[in-house]
Amino acid sequence: MKLDYRQTIEVDDSWDVIVVGGGPAGCTAAIGAARAGRKTLLIEATGALGGMGTNGLVPGWAPYYKDKDTPIYGGLSWKIFEENRSGQRQLGESDLDWVTIDQESLKVTYDRLVLESGAHVLFNTFMTAVVAEEDKDEAPRRVEHILISNKRGLHAVKARVYVDTTGDGDLAAWAGSPFAKGNAQGELQPASLCFALSNVDTFAYLHGDAPNHTNIHGRAYKIAKDSNYPLVKDGHLCNNLVGPGTVGFNAGHLWGADSTNPENVSAALVKGRKMARELTSALQEYYPRAFGNAHLVATAPVLGVRETRRLIGDYEITIEDYLERMKFPDEIGRNAYPVDIHTAEAEITDSINGTIHAMDRYEHYKPGESHGIPYRSLIPANLSNVLTAGRCISTDRAVNASVRVMPVAMVTGEAAGTAAGMAAENGGDVRTIDVDKLRAALKQAGAYLP
């Protein structure tokens with residue numbers, strides 16, 4: 001049965017820039033647009049900014065180094081990381097590698113920086129539809145307005161420029177932008193549901209009883225082979241001490257989880273919570289000195305998603321670009337994170353036997369090496385007033401597994417927001433901005449653009 005439902009909806013057209021998605025990329029995009037003097041709205045579906053670093057309970061930052069002591073991710077990315085790091089007394093000035101995230105502090109940092117920039121935030125608000133121009137043969141289409149839903153009901157907002165920081169590329173895809181997804185068979189990287197354990201013996205944890213997922217002969221891989229823990233399939237057990245007696249885990253794999261499919265996500269969340277309880281019991285058994293009395297204190301309210309849509313943009317960053325350490329005349333940042341394609345379901349046996357290492361599929365950069373991220377990779381191919389940032393930018397699958405991490409997302413977000421602010425002054429066409437001025441503005445704000 002179809003319901004013929006019609007409602008008169010007023011359109012709020014007072015905005016210059018609208019950013020959809022309040023994760024790391026969305027926060028820096030909103031700040032970038034607002035500090036350019038543009039009236040900016042940031043729309044977030046949950047009750048806190050920060051995405052995986054806050055709501056997702058990811059316990060550690062991906063590395064920030066260029067040569068083990070120089071950060072490659074500058075600008076707002078470095079500012080936010082440094083503020084979060086500086087509040088943790090156990091960390092030193094030289095700690096740039098898998099640094100612990102203080103999640104509650106990070107929420108407050110994002111709140112403060114976004115609001116101080118002058119951007120407006122709507123929490124608990126969902127984008128429900130995108131209205132774009134009808135198909136035109138001669139030019140890319142404009143997004144006219146988007147429909148959003150919250151406790152006021154259904155209403156519409158309109159801007160000159162939109163920034164898609166949804167992670168899944170929802171805004172651009174719903175507007176008709178082409179995209180790729182997964183490998184040749186459509187298989188996606190597994191998701192994870194992060195969690196935290198309290199009442200951990202910190203001394204034991206720090207002095208030899210920490211789960212080590214890199215040692216194929218270690219206890220983490222024995223857990224994966226233990227039939228008492230059937231949901232734990234491999235040795236994925238990344239963890240950080242996130243507070244006194246508290247350890248955060250980015251652990252366990254949920255294969256077949258597609259965050260563009262609501263039923264699929266719902267099932268993955270249920271399974272992830274069961275897996276967290278299995279992992280808690282396994283840690284109590286296999287690491288008794290540290291975790292014998294541990295308590296499962298929290299599971300993340302949002303699923304940790306590594307891969308869905310990759311929007312087809314004006315330029316696709318390829319693995320060849322990564323391997324050749326490419327430089328681009330329009331680059332808005334650089335990246336040095338390894339290609340990190342997590343274990344496929346068909347690779348489980350090889351993974352626990354140590355014949356496949358997910359982060360060693362491609363060579364790692366040497367100190368000081370990196371590749372550029374061109375502005376063109378932030379522009380969806382057939383849209384005129386939309387930019388993207390975060391893991392849905394235009395890349396091939398291998399490079400997507402490198403640029404998807406939070407430090408890079410904040411770099412692309414700041415660039416997209418700054419560019420959106422420039423385009424809003426120029427009719428909204430994101431292809432007509434002066435890229436040299438964009439790069440100059442980013443460098444002035446501290447971006448790493450050698």
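A: Gladly, and let us start with a space inside this model, which is a predicted one. The lining of the second largest cavity divides into five nonpolar, three polar and two charged residues.

Q: Which residues line the second largest cavity, and what is its volume?

A: The general idea comes first. Rolling a probe the size of a water molecule over the atoms shows where empty space is left. Here, the second largest cavity has a volume of about 40 Å³. Its lining is made of Leu231, Val232, Lys233, Asp234, His236, Gly252, His253, Trp255, Met275 and Leu279.

Q: How many cavities of 30 Å³ or more does a search of the whole structure find, and what lines the largest cavity?

A: Three cavities of 30 Å³ or more turn up. The largest cavity holds about 70 Å³ of space, and its lining includes Ile72, Tyr73, Arg334, Val411, Glu414 and Tyr448. By class, the lining of the largest cavity has eight nonpolar, two polar and two charged residues.

Q: How should I read helix α12 itself, starting with its residues and its reach?

A: An α-helix has 3.6 residues a turn, so residues three or four places apart point the same way. In this model, α12 covers residues 406-424, 19 residues in all, and reaches 26 Å from its first C-alpha to its last. That is close to the 27 Å expected at 1.5 Å a residue.

Q: How many residues of α12 are buried?

A: The count is 18 of the 19, so α12 is largely enclosed by the rest of the structure.

Q: Which residues touch the most other members of the largest nonpolar core?

A: In soluble globular proteins, nonpolar side chains tend to be buried together. The largest nonpolar core here has 105 residues, and those touching the most other members are Trp61, Leu197, Phe249, Phe291, Leu303, Tyr375 and Leu387. Helix α12 supplies the largest share of this core, eleven residues. Apart from this core lies another, of 21 residues, among them Ile148, Tyr162, Ala172 and Ala175.

Q: What does Leu197 touch, leaving out residues up to four places away in sequence?

A: Its contacts beyond that range include Val247, Phe249, Leu283, Phe291, His295 and Val297.

Q: Which element gives the most to the lining of the second largest pocket?

A: That is α12 again, with three residues. The second largest pocket has a volume of about 150 Å³, and among its lining residues are Gly32, Arg35, Thr418, Met422 and Glu425. Alongside α12, α1 (24-35) also gives two or more residues to this lining. By class, the pocket lining divides into three nonpolar, three polar and three charged residues.

Q: Where is Asn124 found, and what is its phi?

A: Asn124 is found in the loop between β3 (120-122) and β4 (126-132). Its phi is positive, about 50 degrees, although Asn124 is not a glycine. At 48% relative accessibility, Asn124 counts as partly exposed.

Q: Is Arg325 buried or exposed?

A: Arg325 is buried, with a relative accessible area of 18%; the cut-off for buried is under 20%. Arg325 is found in the loop between α9 (319-323) and β13, and has a positive phi of about 55 degrees although it is not a glycine.

Notes: Residues are numbered from 1 along each chain as its sequence is written. This is a predicted model: local features need pLDDT of at least 70, side-chain atom pairs count only at pLDDT 80 or more; totals for chains, interfaces and linings use all residues. Side-chain values use heavy atoms; hydrogens and water are left out. Helices (H or I, at least four residues) and strands (E, at least two) are DSSP runs, numbered from the N terminus. The expected span of a helix is 1.5 Å times one less than its number of residues. Buried means under 20% relative accessible area, exposed over 50%, partly exposed in between (1.4 Å probe, protein chains only). A nonpolar core is a set of buried Ala, Val, Leu, Ile, Met, Phe, Trp, Tyr and Cys residues joined through side-chain atoms within 4.5 Å. Contact means heavy atoms within 4.5 Å. On a 1 Å grid over the protein atoms alone, a cavity is a set of points where a 1.4 Å probe fits but cannot get out, and a pocket is an open set with protein on both sides within 12 Å along at least five of seven lines; lining residues have an atom within 4 Å of a point. Grid points are joined across faces, edges and corners, and a volume is the space filled by probe spheres set on the points. Ala, Val, Leu, Ile, Met, Phe, Trp, Tyr, Cys and Pro count as nonpolar, Asp, Glu, Lys and Arg as charged, and the others, Gly among them, as polar.
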